[in-house]
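Work through the exercises below with the sequence and the 3D view at hand. Try each task before reading its solution.

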Amino acid sequence: MISPLKLIFEAINQTRSQDELQLQVVPKIGEYFAAKRYSIFFFEQLPLAADKNLQKILKIALSIEHNPIARYLVERHAPVHEALVMSPKAWKVLCPRPDHWHVMAGPIINRHQLVGVVGCTREKSMPTFDTQNLTDLSSICLHLSVWAATVNSQPNGTAKSQHYAFQSDACGGLRQRLTPRELQIAQLVASGLTNAEIGNQLWITENSVKQALKRMFRKLEVSSRAQMVAQLLATKHYSGQANLDSFSLAPNSTSNL
């Protein structure tokens, strides 16, 4: 029987884009570490996060001066959890969110540079991350680093997230109406993710996703997720990796929001 960790390795090896990585690998990582929230961030995507609140969060989260976890990743290129770098009291001051009571992060390396981060969080009532978790995350990060180096070297640029198709489209109509965060949500909706799954990907609450969709529906003058995706496809703001059939796979596919 193949171990859950090796299944993650195989899933990484089989993916061909960052979108596939988010859809097929990230949920497995979250499940493996029994995390409340989990995601993979590639720094090349961060400029898309243009809303001011997220910029403030990223400024602190990615600052080696303010965040000892970020400093550890930059200096050592090794997985870390909050208990390794600061006391519980100090961590609570730095990150008071109850769903980030325990945080573990690991580096994705390409050409000796930190190009991305794997992050998992747990609530206060959940167990802390331990040495075995760090060891396992180190193995996952090794495979992700090899993946990043391999896929990024391909001439067709398959590592680029399909989200960039939203941002670079010459028409610009939807780009003007939707914020960068709303475009992120639209892309994940088009990939068939549920509100809860989108929340986990973007580290926001499920209700925040639902409220964002309401605003997006009003802006685009649609009444359902399928109509929104159809409009994106019709205006070429999505390259076609996902399609409307994906909604048949989503647990909440019958819901407009």
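Helix axes are lines fitted to C-alpha atoms, for helices over the stretch in contact, and angles run from 0 to 180 degrees between N-to-C directions. Helices (H or I, at least four residues) and strands (E, at least two) are DSSP runs, numbered from the N terminus. This is a predicted model: local features need pLDDT of at least 70, side-chain atom pairs count only at pLDDT 80 or more, and totals for chains, interfaces and linings use all residues. Residues are numbered from 1 along each chain as its sequence is written, and side-chain values use heavy atoms, with hydrogens and water left out.

**Exercise 1. Describe how helix α11 packs on helix α12.**

Step 1. Locate the helices: α11 covers residues 195-202 and α12 covers residues 206-220.

Step 2. Take the geometry. The angle is about 105°, and the axes are 8 Å apart.

Step 3. Classify the angle. Under 35 degrees counts as roughly parallel, over 145 as roughly antiparallel, 65 to 115 as roughly perpendicular and the rest as oblique. Therefore α11 is roughly perpendicular to α12.

Step 4. List the contacts (heavy atoms within 4.5 Å). From α11 come Asn195, Ala196, Ile198 and Gly199; they meet Glu206, Val209, Lys210 and Leu213 of α12.

Step 5. Sort by class. Ala, Val, Leu, Ile, Met, Phe, Trp, Tyr, Cys and Pro count as nonpolar, Asp, Glu, Lys and Arg as charged, and the others, Gly among them, as polar. The contact of α11 with α12 has four nonpolar, two polar and two charged residues.

**Exercise 2. How many aromatic pairs does the structure hold, and what is the geometry of the pair Tyr32 and Phe33?**

Step 1. Rings of Phe, Tyr and Trp (its six-membered ring) pair if their centres lie within 6.5 Å; planes under 30 degrees apart count as stacked, over 60 as edge-to-face and the rest as tilted. There are three aromatic pairs.

Step 2. The ring centres of Tyr32 and Phe33 are 5.0 Å apart and their planes stand at 90°, so this pair is edge-to-face.

Step 3. Check burial (buried means under 20% relative accessible area, exposed over 50%, partly exposed in between; 1.4 Å probe, protein chains only). Tyr32 is partly exposed at 29%, whereas Phe33 is buried at 1%.

Step 4. Now take Phe42 and Trp147. This pair is tilted, with 6.1 Å centre to centre and 45° between the planes. Phe42 sits in strand β1 (residues 37-42) and Trp147 in helix α7 (residues 131-152), so the pair links distant parts of the chain, 105 residues apart.

Step 5. Phe42 is buried at 4% relative accessibility. Trp147 is buried too, at 6%.

**Exercise 3. How many disulfides does the structure hold?**

Step 1. A disulfide is a pair of cysteine sulfur atoms within 2.5 Å. The count is zero.

Step 2. Check Cys120: its nearest cysteine sulfur is that of Cys141, 9.2 Å away.

Step 3. Cys120 is buried, at 0% relative accessible area. Cys141 is buried at 4%.
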